Amino acid sequence: LGWCVVGHPAAERRVVTARWQDSAACAGQTRLMYSDSAFGLARARQLCAGCPVLADCREHVLGLPHQEDGMWAGMSRKERQRVRRIRRELSMAVAV
């Protein structure tokens with residue numbers, strides 16, 4: 001297993017990556033995935049679109065108990081919040 005910086009590029013915390021993360025198109029592209037510029041975010045989204053492990057990344061980040069910054073699975077933090085809310089609402093509707 002490799003290492004991957006999680007959080008803002010200036011962050012010091014590290015976590016052990018899952019095997020799928022070693023195959024991610026964004027591996028080694030931490031600065032790009034946490035870009036503040038519109039161009040950087042568009043480029044990060046493009047990188048995600050062609051990623052061979054996009055579905056694994058999506059399920060990983062949506063399953064985290066906390067919000068991650070940056071571009072994950074082609075989604076911004078705000079987009080991921082919306083997906084989580086929709087999933088929660090759907091699971092509550094099915095449970096009724």
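Residues are numbered from 1 along each chain as its sequence is written, and side-chain values use heavy atoms, with hydrogens and water left out. Because the model is predicted, local features need pLDDT of at least 70 and side-chain atom pairs count only at pLDDT 80 or more, whereas totals for chains, interfaces and linings use all residues.

**View 1. Salt bridge between glutamate 79 and arginine 45.** A salt bridge is counted where a side-chain nitrogen of Lys or Arg lies within 4 Å of a carboxyl oxygen of Asp or Glu, and by this rule the count comes to four. In the pair shown here, the side chains of glutamate 79 and arginine 45 meet at 3.0 Å, N to O. Glutamate 79 belongs to helix α4 (residues 77-95) and arginine 45 to helix α2 (residues 38-49), so that the pair links distant parts of the chain, 34 residues apart; helices (H or I, at least four residues) are DSSP runs, numbered from the N terminus. Glutamate 79 is partly exposed at 22% relative accessibility, and arginine 45 is partly exposed with a relative accessible area of 35%, where buried means under 20% relative accessible area, exposed over 50%, and partly exposed in between (1.4 Å probe, protein chains only).

**View 2. Salt bridge between arginine 87 and glutamate 59.** The closest N and O atoms of this pair are 2.9 Å apart. With arginine 87 in helix α4 and glutamate 59 in helix α3 (residues 54-63), the pair ties together parts that are 28 residues apart in sequence. Arginine 87 is partly exposed, its relative accessible area being 38%, and glutamate 59 likewise counts as partly exposed, at 44%.

View 3. The C-alpha atoms of glutamate 59 and alanine 73 are separated by 8.7 Å, the two residues being 14 residues apart along the chain.

**View 4. Salt bridge between arginine 85 and glutamate 89.** Here the closest N and O atoms are 3.8 Å apart. Arginine 85 and glutamate 89 are separated by about one helical turn, because they lie four residues apart in helix α4. Arginine 85 counts as partly exposed at 40% relative accessibility, and glutamate 89 is partly exposed with a relative accessible area of 45%. As a general point for these views, side chains of opposite charge can pair when their charged atoms come close.

Notes
Helix = DSSP H or I, 4+ residues; strand = E, 2+ residues; numbered from the N terminus.
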